[in-house]
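Let us walk through a protein model together. Keep the sequence and the 3D view open as you read.

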Amino acid sequence: MSFPVTRLRRLRKNPILRNMISETSISVDDLIMPLFVCPGTNVNNPILSMPGNSQLSIDLLLDECAKILAVGVKSVLLFGIPESKDEDGHVACEHNGIVQKAIRAIKERFGNDLLIVADVCNCEYTTHGHCGTIVDGDVDNDLTLVTLANQSLSLAQAGADVIAPSDMMDGRIKKIREILDENGFSQTPIMAYSAKYASGFYGPFRDAADSAPKFGDRRSYQMNPANSDEAMREIALDIEEGADIVMVKPTMSYLDIVYRAKQTFNIPVAAYSVSGEFSMIKAAGANDWIDEERIMMEVILSIKRAGADIIITYFAKEIAEVLNRK
Ligand code: PBG
């Protein structure tokens, strides 16, 4: 049946009808807010390239968690800025590491009201800023698996609810699953950064987390932005190795990957709307070149529409505020 019998504009006329036939919606339940924790007390170092975000010491981090919970966001993703770094990232595995301490403090204050996702990677903890142990000028895959597994266990022991490896080493999900299971954490899920691209969109984050590589780049472990079939192989392998949730990162330039992942694998998909995506919207908004709130909601909606179940975004709190107004 076509025009004039069919007129799609009929269902667009009235806002109530428009909402009734809306195919996609955003809920606070879908959102995870990334936070950066640093040593000290009463420390709030604003991250200039990510307006509204700061490196926070644990006391202020707890206040921020309270604010996040108050608007209805129930999950945070933690990144640490450690006191000191080393060659291999051993500081990330310490019982009294910065993220471990933050997790215990959050759990003590909020219990299970707030879900803690712990990022697992070495780049914030190595002197050279790469995601693992360097041998002959490149990250050695199998040596790095050892620190990643130890870091994961230590974060689980501190009370992390979900372990989220973002390093892109081969075989890390298997190793992490093994060490968690052997130590009584068989119920701790793994959210794998499965299709993580070597992207320019991570720029602001590397200032935020002080994790920029001191030499070279991450192209020998993160994915080539040109590839989509390879992303499906990465995801398939992570699922085989035991990933409970798979992630695509970044989002806006990779929505085809989000879509394909959801269509191909019957598994929860997370999408990480990364720092550069956030900062571009903030910068254009601050200049009044775009309607920031409208674009924020449109972008997040598009990520859901593409097939993401979970969205990690620095806008999480602001999105919740908009949803609460409606
Ligand atoms: C650590 C990590 C990065 C991000 C999340 N985990 C940086 C990187 O790979 O360089 C990026 C997050 C963002 O840009 O918001 N490996």
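Start with the largest pocket, which has a volume of about 310 Å³. Keep in mind that this is a predicted model. Which residues line the largest pocket? They are Pro-15, Arg-18, Asn-19, Ser-22, Glu-23, Thr-24, Glu-298, Leu-301, Ser-302 and Arg-305. Two helices give two or more residues each to this lining: H1, residues 15–20, and H10, residues 292–306. H10 gives the most, with 4 residues. Now sort the lining by class. There are 2 nonpolar residues, 4 polar ones and 4 charged ones.

Next, turn to charge. Side chains of opposite charge can pair when their charged atoms come close. How many salt bridges does a search of the whole structure find? The search finds 16. Let us visit some of them.

Find Lys-317 and Glu-64. Their side chains meet in a salt bridge, with 2.9 Å from N to O. Lys-317 lies in helix H11, residues 316–325, and Glu-64 lies in helix H2, residues 58–70, so the pair ties together parts that are 253 residues apart in sequence. Are these two partners buried or exposed? Lys-317 has a relative accessible area of 21%, so it counts as partly exposed. Glu-64 has 14%, so it counts as buried. The reason for the two labels is the cut-off: buried means under 20% relative accessible area.

Now move to Asp-210. This residue forms a salt bridge with Lys-85, and the closest N and O atoms are 3.3 Å apart. Where do the two partners sit? Asp-210 is in the loop between helix H6 (203–208) and helix H7 (229–241). Lys-85 is in the loop between strand E4 (75–80) and helix H3 (98–110). The pair therefore ties together parts that are 125 residues apart in sequence. Asp-210 is partly exposed, at 39% relative accessibility. Lys-85 is partly exposed too, at 27%.

Arg-177 and Asp-181 meet through their side chains at 3.0 Å, N to O. Both belong to helix H5, residues 172–182. They are 4 residues apart, which means about one helical turn separates them. Arg-177 is buried, at 13% relative accessibility. Asp-181 is partly exposed, with a relative accessible area of 39%. Salt bridges can also share partners. Here they join Asp-167, Arg-172 and Asp-238 into one network.

Thr-188 lies in the loop between H5 and strand E9 (191–196). Is Thr-188 buried or exposed? It is buried, with a relative accessible area of 9%.

Last come the rings. A pair of aromatic rings is described by the distance of the centres and the angle of the planes. A search of the whole structure finds 9 aromatic pairs. Take Phe-79 and Phe-205. Their ring centres are 4.8 Å apart and their planes meet at 75°, so the pair is edge-to-face. This pair links distant parts of the chain: Phe-79 is in strand E4, Phe-205 is in helix H6, and 126 residues separate them. Phe-79 is buried, at 2% relative accessibility. Phe-205 is buried as well, at 11%.

Compare that with Tyr-272 and Tyr-314. This aromatic pair is tilted, with 6.1 Å centre to centre and 45° between the planes. Tyr-272 lies in strand E11, residues 269–273. Tyr-314 lies in the loop between strand E12 (310–313) and H11. The two are 42 residues apart, and the pair links distant parts of the chain. Both are buried: Tyr-272 has a relative accessible area of 1%, and Tyr-314 is at 3%.

Finally, which residues form one aromatic cluster? They are Phe-36, Phe-79, Tyr-193, Phe-205, Tyr-272, Phe-278, Tyr-314 and Phe-315. Among them are the partners of the edge-to-face pair, Phe-79 and Phe-205, and of the tilted pair, Tyr-272 and Tyr-314.

Definitions and conventions
Residues are numbered from 1 along each chain as its sequence is written. This is a predicted model: local features need pLDDT of at least 70, side-chain atom pairs count only at pLDDT 80 or more; totals for chains, interfaces and linings use all residues. Side-chain values use heavy atoms; hydrogens and water are left out. On a 1 Å grid over the protein atoms alone, a cavity is a set of points where a 1.4 Å probe fits but cannot get out, and a pocket is an open set with protein on both sides within 12 Å along at least five of seven lines; lining residues have an atom within 4 Å of a point. Grid points are joined across faces, edges and corners, and a volume is the space filled by probe spheres set on the points. Ala, Val, Leu, Ile, Met, Phe, Trp, Tyr, Cys and Pro count as nonpolar, Asp, Glu, Lys and Arg as charged, and the others, Gly among them, as polar. A salt bridge is a side-chain nitrogen of Lys or Arg within 4 Å of a carboxyl oxygen of Asp or Glu. Buried means under 20% relative accessible area, exposed over 50%, partly exposed in between (1.4 Å probe, protein chains only). Rings of Phe, Tyr and Trp (its six-membered ring) pair if their centres lie within 6.5 Å; planes under 30 degrees apart count as stacked, over 60 as edge-to-face and the rest as tilted.
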